[in-house]
Amino acid sequence: MPMTISEKILAKHADKPAVQPDELIEVRVDFALGNDITAPLAIEAFRRAGAKRVFDPDRVALIPDHFTPNKDIASAMQVKMLREFAREQNLTHFYEVGRMGVEHALLPEQGLVLPGDVIIGADSHTCTYGALGAFATGVGSTDLAAAMMTGKIWFKVPSSIKFIYRGKRRPWVGGKDIILYTIGRIGVDGARYRAMEFTGEVIDALPMSERLTMSNMAIEAGAKVGIITPDAITEEYVKGRAKRPYQFYQSDPDASYEAVYDWDVSTFEPMVALPHSPGNVRPVTELPEIAIQQVVIGSCTNGRLEDLRDAAKILKGRKVAPGVRCLIIPATQLIYKQAMKEGLFEIFLDAEAAVSTPTCGPCLGGHMGILAAGERAVATTNRNFVGRMGHPESEVYLSNPAVAAASAVAGHIIHPDSV
Amino acid sequence: MKLKGKAWKFGDDVDTDAIIPARYLNTSDPRLLAAHCMEDADPEFPNKVKKGDIIVAGKNFGCGSSREHAPIAIKGAGVSCVIADSFARIFYRNAFNMGLPILECPEAATAIETGDEVEVDLDEGIIRNHSRQQTYRAQAVPPFMQKLVQSGGLMAYVKEQMAQEGKS
């Protein structure tokens, strides 16, 4: 029976020759993760169930990244709970501040999540690892607890939607713009309970950092996973990092899809998602002059080295506009160090931007850059729901790093070529 | 199992940040979370909602983050059931795992208005709107999910499974 890449990975992990959409299956989990917000509930559930040991201390990661460095006493208590559980269970992968990074940037970087894996995380952006050719999806804390106990999880096999991207990208148009366009077209529930499969010549040439950005936002269309067929770019990224063996899967040519979208990206401009939905997408060139007070460049969506380089290209020799706060948050310690080595921090500091230690921080309105009533931010993050970055009367506009940096310089939302 | 309460109506794409804003996620205490339930959508909701009340919403209820604090906040606020046109995937799992009954019923989601007296028969999947003298049939809960509910949620189910494996 012809299968998609998602179906093949699920079948393999269910020890079945084949699976088909809507089938309920139990699969082996290669890696499971939780953070300082979701893991405390998982640990409580784990204990309540009377569990003693995690299924494999090398395959459960606890990453305190959301409200860290601990923003208040309650957050410190949550992280303490993770730390003590990690010690008790001898977890190999617990990350203190100083070693910690934003989870979905950290785990691929460290070679802990790999092509062909089934990965579950108590964080909705776990779908990021689909970029590596893994079946990776976000779950709640109780599902994480069950997986920590058994090394297994039940799934309904999703049907797949294929996205084919053709043409030649214009300058400053990248993975972020393509995924925003996609969500804008199909809507925030356009791929609800589906596997999104990103294909076509544009994806074939897309660097891994931008593939990760695309898969990261699959959840913003309601998807279970946003998967990309592994290739030479994947191999190049994974080799030298991988801590375990891995396997490449690909869809059969005659695999069946619930829907196929075929788009030419040649005319795309950089995209912006307007408040208060990641599906409210317009080309930046069609926007009126929208004044902003804050810019955030970072997050699991766009906090990788390539994103910081894009921002630096714009900020070099320029200044952040008066009345604008520009926050730059490298997603991991390694990215931080490399950015420093490359001289990016000097560019940022000369531009009068602030550079932060890795944290999810302002992306979810946690800390390190909360908006007041009436304030507007351009952010390279993934959600712009009401109150997402602070006050319920604040606004978040989502964009790529170059648009965000250009907007910081202009004081309003602008195309990178216009500064 | 029958549930009865007053309906509170919300629109499409109610996200988890609206259900419980992330700024309150430095705790998982149901009472503390319940005090802020739905506050960015309706600041007065935590004060207005009464035990047994029912949330009615449009499509894609619970989209966004995977925070289990969302069903915990809703349950903690005393809400007995959520009826929606459709649910986001992770919220759907979380609600079952937490023992918060949810029903997919586009007809009820459209017809019910805030203030309506609504009765839900979970076993039959039937929703009665006493204020409008209407009855709606909800989508049946899949057999596997019923098994989870019968076990008393996911953790209880897993415990049973592990006990069985231990025997064999």
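Two strands are said to pair if DSSP finds at least two bridges between them. In this predicted model, strand S8 (residues 160-166) of chain A and strand S11 of chain A meet that rule, with six bridges in the parallel sense. One facing pair is Lys162(A), which stands opposite Val260(A) in S11(A).

These two strands belong to an open sheet of four strands in chain A. The order is S10-S9-S8-S11, and the pairing is parallel. Strand S10 (225-227) and strand S11 (259-264) of chain A stand at the edges. Each has a single partner strand, so one side of each is left without a neighbour in the sheet. On average, neighbouring strands of this sheet are turned by 20° against each other, direction ignored. Helix H1 (residues 5-13) of chain A packs on the sheet. H1 touches S8, strand S9 (195-199) and S10 of chain A. The direction of H1 makes about 110° with that of S10(A).

A further open sheet of chain A has five strands. Its order is S4-S3-S2-S5-S6, again with parallel pairing. Strand S4 (93-94) and strand S6 (135-138) of chain A are the edge strands. Each has a single partner strand, so one side of each lacks a neighbour in the sheet. Within this sheet, strand S2 (residues 31-35) of chain A pairs with strand S5 (residues 118-121) of chain A. Three bridges join S2 and S5 in the parallel sense. Phe31(A) stands opposite Ile119(A) in S5(A).

The chain as a whole was also examined. Chain A holds 14 helices and 18 strands. Its C-alpha atoms fill a box of roughly 60 × 50 × 40 Å, taken along the principal axes. For 419 residues, a compact globule would have a radius of gyration near 22 Å. Chain A has 20 Å, which agrees. Of the 419 residues, 61% count as buried. Among contacts in chain A with a separation of 6 or more, 76% join residues 24 or more positions apart.

Two helices of chain A illustrate the packing. Helix H2 (residues 39-48) and helix H3 (residues 73-88) of chain A pack at an angle of about 50°. Their axes are 9 Å apart. H2(A) and H3(A) are therefore oblique to each other. Their crossing is left-handed. From H2(A), the residues that meet H3(A) are Ala39(A), Pro40(A) and Ile43(A). The residues they meet in H3(A) are Gln78(A), Met81(A), Leu82(A) and Phe85(A).

Helix H5 (residues 141-150) of chain A was considered next. Nine of its ten residues are buried, so H5 is largely enclosed by the rest of the structure. A residue counts as buried if 20 or more other C-beta atoms lie within 10 Å of its own. The buried residues of H5(A) include Ser141(A), Thr142(A), Asp143(A) and Leu144(A). Ala145(A), Ala146(A), Ala147(A), Met148(A) and Met149(A) are buried as well. Gly151(A) follows H5(A), and its phi is positive, near 70°.

Chain A also meets a partner chain. In chain A, 43 residues are in contact with 34 residues of chain B. H2, H3 and H5 of chain A are the elements that give two or more residues to the side touching chain B. The largest share of that side, seven residues, comes from H5(A).

Notes:
Residues numbered from 1 in each chain as written. Chains lettered and ligands numbered in written order. Predicted model: local features only at pLDDT ≥ 70, side-chain atom pairs only at ≥ 80, totals over all residues. Rg over C-alpha atoms; globule rule 2.2 N^0.38 Å. Buried ≥ 20, exposed ≤ 12 C-beta atoms within 10 Å, placed from the backbone. Contact = placed C-beta atoms within 7 Å. Axes fitted to C-alpha atoms, helices over the stretch in contact; angles between N-to-C directions. Parallel < 35°, antiparallel > 145°, perpendicular 65-115°, else oblique. Left-handed = near helix turned anticlockwise from the far one by under 90°.
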